[in-house]
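Hi,

Here is the structure I promised to pass on. Have a look at it first, then read my notes below.

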Amino acid sequence: LIISTIIISFVIWIRFRDKRPVSGIISVILWDFVLVITLINLLGIKVGPIGLVTLIGILGFAINNNILLATNVFQERERSFEDRIKMSLKVSLLMELFIVLVVVPLYLLVDLPVIREFSSIWLLIVLSDSYSYLFLNIPIYKYFEAKRQQ
C-alpha cells in the first residue's frame with residue numbers, strides 16, 4: 001500500500017505538475033485508509049485474505065474519484081469553482097451509488113463469510129471515500145482556489 005501510494009503520487013505529480021492535487025489526493029487516500037480500518041475495528045469485522053485484498057480497493061476508488069475532481073478543479077478554469085465541483089460530484093456519486101447497489105444486495109442475499117467480508121468492507125470504503133471527498137478534498141481545493149484568486 002505504501003509503495004503503491006508513492007508510485008501513484010509520482011504519476012499524479014507528472015500528470016498535473018503541481019503539488020496541490022497530489023497533496024489533496026494523497027491526504028484523502030491516507031484518511032480513507034485510516035477511517036476504513038477504524039470502522040472495521042469498531043464494527044468488529046473479521047478481516048481475512050479477501051478483506052486485505054479488498055482494502056487495496058481504497059487506492060483505486062479514491063484515486064479515480066479524486067483525479068476526476070482534481071482534473072475538473074485545476075484544468076477546467078473557464079467554469080466557476082461550484083460548477084467544476086458539481087460536474088465531478090455527478091460522476092463520483094453515481095459510481096458510489098452503483099457500488100452500494102451491488103454490495104448491499106450481495107451482503108444480504110449471499111450467506112457466505114467471504115462475500116459478507118468483501119461487501120461490508122467495500123461499503124465502508126464507499127462511505128469513507130464519500131465522506132472524505134465531500135468534507136476533506138473539496139474544502140482543500142476550495143482553499144487552493146481562494147489562494148489562487150488572491
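Which residues have the most contacts inside the largest nonpolar core? They are Ile-29, Leu-69, Val-73, Ile-85 and Tyr-141, in a core of 21 residues. A nonpolar core here is a set of buried Ala, Val, Leu, Ile, Met, Phe, Trp, Tyr and Cys residues joined through side-chain atoms within 4.5 Å. Buried means under 20% relative accessible area, exposed is over 50%, and partly exposed is in between (1.4 Å probe, protein chains only).

Before you go on: this is a predicted model, where local features need pLDDT of at least 70, side-chain atom pairs count only at pLDDT 80 or more, and totals for chains, interfaces and linings use all residues. Residues are numbered from 1 along each chain as its sequence is written, and side-chain values use heavy atoms, with hydrogens and water left out.

Helix 1, helix 2, helix 4, helix 5 and helix 6 each supply at least two of its residues, and helix 4 gives the largest share, 7 residues. (Helices are DSSP runs of H or I with at least four residues, numbered from the N terminus.) There is also a second, separate core of 12 residues, with Leu-55, Ile-58, Phe-61 and Val-103 among them.

Now try Leu-69. Not counting residues up to four places away in sequence, Leu-69 touches Ile-85, Ser-88, Tyr-133, Asn-137, Ile-138 and Tyr-141; contact means heavy atoms within 4.5 Å. Ser-88 sits in helix 5 (residues 81-109) and is buried, at a relative accessible area of 0%.

Last, the rings. Rings of Phe, Tyr and Trp (its six-membered ring) pair if their centres lie within 6.5 Å; planes under 30 degrees apart are stacked, over 60 edge-to-face, and the rest tilted. That gives 3 aromatic pairs. In one of them, Tyr-131 and Phe-135 have centres 5.2 Å apart and planes at 45°, so the pair is tilted. Both residues lie in helix 6, 4 residues apart, about one turn of the helix.

Cheers
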